[in-house]
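Me: I want to go through the ring contacts in this protein. Please back each label with its value.

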Amino acid sequence: MVVTGGRRLRVVVPLLGGVGLFELAVPCEVFGCDRVDLTPRWYQLTLCQADPGPRRTPDGLRLEAPEGLVALEAADLVVVPAGISSRPPESLLHALRRAHRRGARLAAVCSGVFVLAAAGLLEGRTVTTHWMYAERLRRDYPGIRVAESALYTDDGDILTSGGTAAGIDLCLHIVRKDFGTAIAAEVGRRMVIAPHREGDQTQYIPPPAAPAGQADSLGSVLDWALHRLHEPLTLRQFAERAAMSTRTFGRHFSRQVGLTPLRWLNQQRLTAARELLETTDLTVDRIAERTGFATGQLLRQHFRRALRTTPSAYRRTFGA
């Protein structure tokens, strides 16, 4: 909801052990810069910490916040940055729970979500984190729904972001909720960043490697297919190459690879299309022909469904 009138919104960022400079700088840049020219209710930022003394960053710098955890008692928004080298102090977890009960919104950048999870605040919630940490979060806290491909999630009073730069997307989303699209867009312009990015984390996740051991029985068939991605391959052709019936081959393939032959084929075609978008200036239609999608429109459909973005946007981001 867009806020109007009244006092300035209070944002508190607790320092953590192992805090990353970039992830800490993101909320400081978005919420800490004086932008009362945009709205008189612009945020007031405070940094705090559980215990006195400096925190060491992975870069070797030593940081110390000016206030203790009492600052959380007046926060409208608490932003937990990435970077936690051990279990958070119980005093911080208790202060976060108390702030949440009082009605403060809690946001986490990247691995900061583990702090909110340790405080017991995410049970039954939908959250995200860096795609490299998603499986660990899911394993350590099975009661949490992890949307690992999302740039950020908004579950009302709990907000989380994916890795590193996705923290900017989350913070601008909060500005947009608090003060409207126009002000969020102006903040984005001042930071020289799009106020809303296309796609999600899926486009940054490397294509999955083939499961170990599959080459023993299917390697020659897969190699054969990889050299013919531009052809309209069928399940019957796969089965004949493996000297099996289509039904037997389909079961064997799914058991060995973990995907149906069609899903595996589309995955390989998308991987090849991504590589061509990154390394060549071929048109989308020409790439579609080379990778077996037949038409640019069909490639765009698969790209949008799998990577939540378009081939053109992907090329702008990752092209050489």
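This is a predicted model: local features need pLDDT of at least 70, side-chain atom pairs count only at pLDDT 80 or more; totals for chains, interfaces and linings use all residues.

Me: How many aromatic pairs does the structure hold?
Reply: The structure holds eleven aromatic pairs.

Me: Why is the pair of Trp42 and Tyr43 called edge-to-face?
Reply: The ring centres of Trp42 and Tyr43 are 4.8 Å apart, and the limit for a pair is 6.5 Å. Their planes stand at 75°. Over 60 degrees counts as edge-to-face, so the pair of Trp42 and Tyr43 gets that label.

Me: Are Trp42 and Tyr43 buried or exposed, and how do you know?
Reply: Buried means under 20% relative accessible area. Trp42 has 0% and Tyr43 has 2%, so both count as buried.

Me: What makes the pair of Phe249 and Phe253 tilted?
Reply: The angle between the planes of Phe249 and Phe253 is 45°. Stacked needs under 30 degrees and edge-to-face needs over 60, so the rest count as tilted. The centres of Phe249 and Phe253 are 5.5 Å apart, within the 6.5 Å limit.

Me: Where do Phe249 and Phe253 lie?
Reply: Both are in helix H9, residues 246-257. Four residues separate Phe249 from Phe253, about one turn of the helix.

Me: Why are Phe249 and Phe253 called buried?
Reply: Phe249 has 0% relative accessibility, and Phe253 also has 0%. The cut-off is under 20%, so both labels hold.

Me: Which residues do ring pairs link into a cluster with Phe249 and Phe253?
Reply: Trp224, Phe238 and Trp264 join Phe249 and Phe253 in that cluster.

Me: What sits over the ring of Phe114?
Reply: The charged end of Arg136 does, 4.4 Å from the ring centre. The distance limit is 6 Å.

Notes. Residues are numbered from 1 along each chain as its sequence is written. Side-chain values use heavy atoms; hydrogens and water are left out. Rings of Phe, Tyr and Trp (its six-membered ring) pair if their centres lie within 6.5 Å; planes under 30 degrees apart count as stacked, over 60 as edge-to-face and the rest as tilted. Buried means under 20% relative accessible area, exposed over 50%, partly exposed in between (1.4 Å probe, protein chains only). Helices (H or I, at least four residues) and strands (E, at least two) are DSSP runs, numbered from the N terminus. A charge sits over a ring if NZ of Lys or CZ of Arg is within 6 Å of the ring centre and within 35 degrees of the ring normal.
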